[in-house]
Amino acid sequence: MKIKAYSGICAGILSLSLLQAISLPPGADAARPDAARPDAARPDAARPDAARPDAARQLIESLNLEVAPTAVSSHPRWKPARVVVSLPRGMAGNDSYLKQLQATAGEVTLVVDDSGAFVPTQDTLAGADAYIGFCTTDMLANADSGLLWIHSYTVGMDRCSGASDALQADRIFTNNQRLSGPTIAEHGIAMLLAISRGLPAYSAAQAERQWRRELSAELGFGELAGKTMLVAGLGGIGTEVARRAHGLGMRVTATRNSSREGPDFVAYVGLADELGTLASEADVVVNALPLTEQTAGLFDAELFARIKPGAIYINVGRGQTTDTSALVAALESGHLYGAGLDVTDPEPLPEDSPLWRLPNVIITPHVAAAGGDSLQRTALIATENLRRYVSGEPLLNLVDLQAGY
């Protein structure tokens with residue numbers, strides 16, 4: 001295992017390996033940071049301007065990132081001295097992100113774990129008052145009682161929200177919420193467009209080198225403009241999906257757990273208990289929900305039966321919010337026109353799952369956050385939150401682990 005301690009240096013940005021790890025779903029080997037397939041690094045991945053304070057301010061404003069109501073320095077245990085940062089395997093040769101963190105840490109000791117381990121050991125976390133990496137129950141169990149602040153590279157917090165009250169107590173959690181929203185939203189809209197235009201069938205014909213114009217007769221969904229999209233979960237991802245759907249001429253409705261407030265491009269925002277009613281009026285239902293006790297298995301046979309016949313279902317939230325058997329039944333019966341799934345239950349999806357063989361289904365392996373500018377945004381906010389922690393300012397993207405998001 002490679003553990004390195006620093007106490008202050010220069011600036012840069014994150015490697016693509018981290019983004020792939022950020023996209024990882026819960027479950028099996030897909031949860032390991034080294035399980036993701038490497039991709040070509042973006043040429044702008046180390047833009048020097050990404051480290052400037054004004055870049056962080058612009059990002060906070062553009063994505064409407066939430067700032068904590070109180071300064072972290074008001075916490076009685078705040079005394080920044082030792083910060084542990086986990087890096088996924090494959091980042092050992094790219095030190096630009098590290099240099100940015102080191103410059104931000106100043107006199108605070110920065111301990112870097114580039115072993116590729118998903119969960120830092122007790123020795124690595126010994127004496128740490130802050131941790132940047134992947135929030136899991138095992139990580140919390142390995143940490144000393146002095147650990148105060150945990151910043152997770154992920155949006156979903158279900159890996160650590162199930163921790164005992166003792167492990168959660170008197171700790172501050174922040175995460176990657178809203179940062180991957182634009183990229184995931186484009187992925188979801190891409191799946192919607194592909195299904196509505198019958199592209200999977202044309203892709204299959206292309207693989208067989210067949211010119212099949214007759215496939216156009218099977219297009220029955222119609223144009224998106226004028227249709228209604230329901231976004232279940234109007235958070236960071238859901239808001240970006242709604243923004244793009246509105247731009248395509250769709251009427252957008254949504255549900256959220258906290259309030260009826262929403263942006264101007266959402267025609268109606270209902271509470272969680274209105275999901276079934278709104279689903280019965282929607283031509284497209286997008287699931288952007290986090291995984292909580294309330295959302296687990298929420299899209300079951302009863303809810304699918306209430307969804308408007310002929311609707312398209314898109315899931316870019318969490319796989320376990322959907323009853324897979326009920327989804328398969330709704331697709332096979334023709335009640336649903338099609339489905340686009342970036343997340344499934346379980347993950348990885350077994351080879352014998354009927355979802356693989358359904359012609360009206362598009363499946364991607366929990367990679368909707370990959371690519372785009374999620375990489376730069378993730379690095380920028382991780383570093384900005386470190387700056388705020390060290391200087392005692394209010395942190396960004398606070399998480400309520402009791403709520404699960």
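1. The charged end of Lys-227 sits over the ring of Phe-221, 5.2 Å from its centre. The criterion is NZ of Lys or CZ of Arg within 6 Å of the ring centre and within 35 degrees of the ring normal.

2. This is a predicted model: local features need pLDDT of at least 70, side-chain atom pairs count only at pLDDT 80 or more, and totals for chains, interfaces and linings use all residues. Residues are numbered from 1 along each chain as its sequence is written, and side-chain values use heavy atoms, with hydrogens and water left out.

3. There are 7 aromatic pairs in the structure. In one of them, the ring centres of Phe-118 and Phe-134 are 5.0 Å apart and the planes meet at 25°, so this pair is stacked. Rings of Phe, Tyr and Trp (its six-membered ring) pair if their centres lie within 6.5 Å; planes under 30 degrees apart are stacked, over 60 edge-to-face, the rest tilted.

4. Phe-118 is in the loop between strand E3 (109-113) and helix H4 (122-125), Phe-134 in the loop between strand E4 (130-133) and helix H5 (137-142); the pair therefore ties together parts 16 residues apart in sequence. Helices (H or I, at least four residues) and strands (E, at least two) are DSSP runs, numbered from the N terminus.

5. Phe-118 and Phe-134 are both buried. Buried means under 20% relative accessible area, exposed over 50%, partly exposed in between (1.4 Å probe, protein chains only). Ring pairs link Phe-118, Phe-134 and Tyr-153 into a cluster.

6. Thr-324 lies in helix H12 (residues 324-332). Thr-324 is buried, at 19% relative accessible area.
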